[in-house]
Amino acid sequence: MPDTYLIVHKSVLPDYFEKVLEAKRLLESGKVREVSEAVRRVGISRSTYYKYKDHVFAPSAVAESRKAVLELMLDHQPGVLSAVLARIFGAGASILTITQSLPVLGKASVTLSIDLGSMSGTIETLTRSLESVDGVESVRLLAIE
């Protein structure tokens with residue numbers, strides 16, 4: 001996973017990346033309730049917001065994070081979710097919530113919110129570890145704070 005991220009100075013990026021972050025801040029703070037209001041205030045389209053919202057994070061949010069939300073696609077087989085939870089526990093993280101969809105075509109989507117406060121490694125190390133569990137098709141970082 002480390003090879004999927006770049007650290008880039010914002011001066012070389014289009015301004016809409018920073019505007020996406022500002023829209024996310026407005027929504028998270030409760031200053032606005034709807035995405036349409038947030039994007040109108042910062043001056044970007046809804047499609048731009050939705051395209052980048054899960055891929056743009058402020059450095060301070062990543063560096064000081066204590067919670068993360070992961071989405072996993074799991075094979076519907078006994079023990080897969082237990083193995084995922086054991087890896088998370090083994091990394092020193094704690095599960096806050098688990099949401100699992102009904103299996104469709106032998107796959108189930110699982111969303112985990114995780115407390116990273118006591119974790120010894122990085123979120124990248126954890127996601128790589130989870131990707132190596134038999135029955136885990138994909139792992140995606142949805143949010144980090």
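We start with the whole chain, then walk through the sheet, a turn, a helix and a pocket.

**Before you click**

This is a predicted model, in which local features need pLDDT of at least 70, side-chain atom pairs count only at pLDDT 80 or more, and totals for chains, interfaces and linings use all residues. Residues are numbered from 1 along each chain as its sequence is written, and side-chain values use heavy atoms, with hydrogens and water left out.

**Stop 1: the whole chain**

Show the cartoon. Going from the N terminus on, the elements read α-α-α-α-β-α-β-β-α-β. The C-alpha trace spans about 50 × 35 × 25 Å along its principal axes.

Now colour by accessibility: of the 145 residues, 32% count as buried (buried means under 20% relative accessible area, exposed over 50%, partly exposed in between, with a 1.4 Å probe and protein chains only). For contacts (heavy atoms within 4.5 Å) between residues at least 6 apart in sequence, 68% join residues at least 24 apart.

**Stop 2: the sheet**

Select the four strands. In what order do they form the open sheet? The order is β2-β3-β1-β4, with antiparallel pairing (two strands pair if DSSP finds at least two bridges between them). β2 (94-100) and β4 (136-144) stand at the edges with a single partner strand each, so one side of each has no neighbour in the sheet. On average, neighbouring strands here are turned by 20° against each other, direction ignored (axes are lines fitted to C-alpha atoms, for helices over the stretch in contact, and angles run from 0 to 180 degrees between N-to-C directions).

Next, pick out β1 and β3. Nine bridges join β1 (residues 67-75) to β3 (residues 107-115).

- V69 opposite S113
- L72 with its bridge partner V110
- M73 with its bridge partner S109

Then turn to β4, which is joined to β1 by seven bridges, again antiparallel. On that side, E71 stands opposite R140.

**Stop 3: S109**

Zoom in on S109 in strand β3. Is S109 buried or exposed? S109 is buried, with a relative accessible area of 18%. Leaving aside neighbours within four places in sequence, S109 is in contact with E71, L72, M73, T99, Q100 and S101.

**Stop 4: the hairpin**

Select β2 and β3 together. They pair in the antiparallel sense over six bridges, and Q100 stands opposite V110. The two strands form a hairpin with six residues between them.

Now click L105, in the loop between β2 and β3. Phi of L105 is near 55°, a positive value in a residue other than glycine. As background, most residues other than glycine have a negative phi. At 83% relative accessibility, L105 counts as exposed.

**Stop 5: helix α6**

Select R128, which lies in α6. R128 is partly exposed, at 37% relative accessible area. Draw a C-alpha to C-alpha distance from R128 to V139: the two are 11 residues apart in sequence and 8.3 Å apart in space.

**Stop 6: the second largest pocket**

For the definition, on a 1 Å grid over the protein atoms alone, a pocket is an open set of points where a 1.4 Å probe fits, with protein on both sides within 12 Å along at least five of seven lines, and lining residues have an atom within 4 Å of a point.

The volume of this pocket is about 390 Å³, taken as the space filled by probe spheres set on the points, with grid points joined across faces, edges and corners.

Which elements give two or more residues to the lining? They are α1 (16-29), β1, β3 and β4, and α1 gives the most, with five residues. Colour the lining by type and you get 14 nonpolar, one polar and seven charged residues (Ala, Val, Leu, Ile, Met, Phe, Trp, Tyr, Cys and Pro count as nonpolar, Asp, Glu, Lys and Arg as charged, and the others, Gly among them, as polar).
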